[in-house]
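Here is a colleague's note for someone meeting this model for the opening read. Please keep the sequence and the structure at hand while going through the points.

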Amino acid sequence: MSNLSDYIYSTLNGNAGVTALVSDRIYPQALPQTEIFPCIVFSQVSNVPTNTKSSATLGKSSLDLIRVQITIMAQNTDGYSGESKTQEIGEAVRAALDYTSGVGIQLVTFQGAVEAYDSNSGQDGVFLLYQDYNFWKQL
(Lines give C-alpha, C1' and ligand atoms only; values in the text may rest on other atoms or scores of the structure.)
Protein backbone atom coordinates (compact mmCIF):
# COMPACT_ATOMS: atom_id res chain seq x y z
CA MET A 1 0.00 0.00 0.00
CA SER A 2 3.04 2.26 0.08
CA ASN A 3 2.36 4.52 -2.90
CA LEU A 4 -1.34 4.64 -2.02
CA SER A 5 -0.43 5.47 1.57
CA ASP A 6 1.95 8.15 0.32
CA TYR A 7 -0.78 9.58 -1.92
CA ILE A 8 -3.30 9.77 0.93
CA TYR A 9 -0.83 11.26 3.40
CA SER A 10 0.58 13.84 0.99
CA THR A 11 -2.90 14.85 -0.21
CA LEU A 12 -4.23 15.34 3.33
CA ASN A 13 -1.04 16.83 4.78
CA GLY A 14 -0.74 19.16 1.79
CA ASN A 15 -4.27 20.50 2.22
CA ALA A 16 -4.44 23.72 4.27
CA GLY A 17 -8.03 23.01 5.34
CA VAL A 18 -7.10 19.63 6.81
CA THR A 19 -3.85 20.71 8.48
CA ALA A 20 -5.53 23.76 10.02
CA LEU A 21 -7.72 21.28 11.94
CA VAL A 22 -5.34 18.38 12.73
CA SER A 23 -1.84 19.80 12.11
CA ASP A 24 0.33 16.86 10.99
CA ARG A 25 -1.55 14.26 13.06
CA ILE A 26 -2.32 12.01 10.09
CA TYR A 27 -1.32 8.35 10.45
CA PRO A 28 -1.40 5.16 8.37
CA GLN A 29 -2.84 2.04 10.03
CA ALA A 30 -2.70 2.89 13.74
CA LEU A 31 -2.80 5.76 16.19
CA PRO A 32 0.35 6.23 18.32
CA GLN A 33 -0.26 5.50 22.03
CA THR A 34 0.61 9.06 23.07
CA GLU A 35 -1.50 10.79 20.45
CA ILE A 36 -3.16 14.15 20.84
CA PHE A 37 -6.65 14.72 19.41
CA PRO A 38 -8.01 15.64 16.92
CA CYS A 39 -6.31 13.33 14.43
CA ILE A 40 -6.79 11.13 11.37
CA VAL A 41 -5.92 7.44 10.82
CA PHE A 42 -6.32 5.73 7.45
CA SER A 43 -6.14 2.08 6.44
CA GLN A 44 -6.82 -0.14 3.47
CA VAL A 45 -9.96 -2.25 3.90
CA SER A 46 -9.92 -4.26 0.67
CA ASN A 47 -8.29 -4.58 -2.73
CA VAL A 48 -10.38 -5.99 -5.58
CA PRO A 49 -8.79 -6.43 -9.00
CA THR A 50 -10.93 -5.51 -11.97
CA ASN A 51 -11.49 -7.94 -14.78
CA THR A 52 -9.14 -6.18 -17.20
CA LYS A 53 -6.69 -9.03 -17.75
CA SER A 54 -5.16 -9.23 -21.19
CA SER A 55 -2.02 -10.29 -22.99
CA ALA A 56 -0.93 -6.63 -22.97
CA THR A 57 -0.89 -6.72 -19.14
CA LEU A 58 0.65 -10.22 -19.08
CA GLY A 59 -2.52 -11.72 -17.64
CA LYS A 60 -2.70 -9.29 -14.73
CA SER A 61 -5.41 -6.77 -13.93
CA SER A 62 -4.35 -3.26 -14.89
CA LEU A 63 -6.72 -1.53 -12.47
CA ASP A 64 -7.55 -2.31 -8.83
CA LEU A 65 -10.41 -0.97 -6.74
CA ILE A 66 -9.01 -0.29 -3.28
CA ARG A 67 -11.33 0.61 -0.43
CA VAL A 68 -9.81 2.82 2.25
CA GLN A 69 -11.33 3.83 5.56
CA ILE A 70 -10.37 7.16 7.07
CA THR A 71 -11.07 7.48 10.78
CA ILE A 72 -11.35 10.97 12.20
CA MET A 73 -11.12 11.30 16.00
CA ALA A 74 -11.75 14.19 18.39
CA GLN A 75 -12.56 14.74 22.05
CA ASN A 76 -14.61 17.43 23.76
CA THR A 77 -12.50 20.35 24.95
CA ASP A 78 -13.31 23.77 26.37
CA GLY A 79 -12.86 25.15 22.87
CA TYR A 80 -15.12 22.83 20.84
CA SER A 81 -17.41 19.81 20.76
CA GLY A 82 -15.68 16.60 19.68
CA GLU A 83 -18.69 15.64 17.61
CA SER A 84 -18.78 18.91 15.68
CA LYS A 85 -14.98 18.81 15.27
CA THR A 86 -15.12 15.37 13.62
CA GLN A 87 -17.74 16.71 11.22
CA GLU A 88 -15.64 19.76 10.38
CA ILE A 89 -12.54 17.64 9.77
CA GLY A 90 -14.61 15.17 7.73
CA GLU A 91 -15.76 17.94 5.42
CA ALA A 92 -12.16 19.08 4.92
CA VAL A 93 -10.95 15.51 4.24
CA ARG A 94 -13.72 14.94 1.72
CA ALA A 95 -12.94 18.23 -0.03
CA ALA A 96 -9.27 17.22 -0.20
CA LEU A 97 -9.80 13.66 -1.54
CA ASP A 98 -13.15 13.25 -3.32
CA TYR A 99 -12.85 13.15 -7.12
CA THR A 100 -9.08 13.61 -7.10
CA SER A 101 -6.45 11.73 -9.07
CA GLY A 102 -2.67 11.54 -9.09
CA VAL A 103 0.31 9.40 -10.02
CA GLY A 104 -1.03 5.84 -10.26
CA ILE A 105 -4.44 6.86 -8.88
CA GLN A 106 -7.05 7.14 -11.60
CA LEU A 107 -9.86 8.42 -9.36
CA VAL A 108 -10.88 8.71 -5.69
CA THR A 109 -14.58 8.66 -4.77
CA PHE A 110 -16.29 9.16 -1.42
CA GLN A 111 -18.57 6.22 -0.54
CA GLY A 112 -20.15 7.22 2.75
CA ALA A 113 -19.61 7.93 6.43
CA VAL A 114 -20.66 6.60 9.83
CA GLU A 115 -20.44 8.39 13.19
CA ALA A 116 -19.59 6.69 16.48
CA TYR A 117 -18.63 7.46 20.06
CA ASP A 118 -16.18 5.39 22.11
CA SER A 119 -16.84 6.05 25.80
CA ASN A 120 -13.93 3.79 26.82
CA SER A 121 -11.22 5.83 25.09
CA GLY A 122 -9.44 8.52 27.03
CA GLN A 123 -10.82 10.29 30.05
CA ASP A 124 -13.85 11.76 28.29
CA GLY A 125 -14.29 9.34 25.39
CA VAL A 126 -13.62 9.93 21.72
CA PHE A 127 -15.96 10.95 18.91
CA LEU A 128 -15.26 9.10 15.67
CA LEU A 129 -16.20 9.64 12.05
CA TYR A 130 -15.48 6.75 9.68
CA GLN A 131 -15.31 7.74 6.01
CA ASP A 132 -14.99 5.19 3.21
CA TYR A 133 -13.36 5.97 -0.12
CA ASN A 134 -12.75 3.99 -3.31
CA PHE A 135 -9.35 4.44 -4.92
CA TRP A 136 -9.04 3.29 -8.53
CA LYS A 137 -5.34 2.40 -8.74
CA GLN A 138 -3.56 1.78 -12.03
CA LEU A 139 -1.00 -1.01 -11.93
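This is a predicted model: local features need pLDDT of at least 70, side-chain atom pairs count only at pLDDT 80 or more; totals for chains, interfaces and linings use all residues.

1. Residues are numbered from 1 along each chain as its sequence is written, and side-chain values use heavy atoms, with hydrogens and water left out.

2. The sheet is open and mixed in its pairing, with 5 strands in the order 1-2-3-5-4. Strands here are DSSP runs of E with at least two residues, helices are runs of H or I with at least four residues, and both are numbered from the N terminus; two strands pair if DSSP finds at least two bridges between them. Strand 1 (26–28) and strand 4 (105–118) are the edge strands, each pairing on one side only. From one strand to the next the twist averages 25 degrees, with axes taken as lines fitted to C-alpha atoms (for helices over the stretch in contact) and angles running from 0 to 180 degrees between N-to-C directions.

3. Helix 3 (residues 82–97) packs on this sheet, where it touches strand 2, strand 3, strand 4 and strand 5 (126–138), contact meaning heavy atoms within 4.5 Å. The direction of helix 3 makes about 10 degrees with that of strand 5.

4. Strand 1 and strand 2 run parallel and are joined by 3 bridges, and Y27 has V41 in strand 2 as its bridge partner. Strand 2 (residues 39–49) also pairs with strand 3 (residues 63–74), in the antiparallel sense and over 10 bridges, and here V48 stands opposite L65 in strand 3.

5. Leaving aside residues up to four places away in sequence, T71 touches C39, I40, V41, L128, L129 and Y130.

6. T50 is found in the loop between strand 2 and strand 3, and it too counts as buried, because its relative accessibility is 17%. A polar atom of the T50 side chain lies 2.6 Å from the backbone oxygen of L63. Not counting residues up to four places away in sequence, T50 touches S61, L63, D64 and W136.

Methods
Buried means under 20% relative accessible area, exposed over 50%, partly exposed in between (1.4 Å probe, protein chains only). A polar contact is a pair of N or O atoms within 3.5 Å; within protein, one must be able to donate a hydrogen and the other to accept it, and residues adjacent in sequence count only if both atoms are side-chain atoms.
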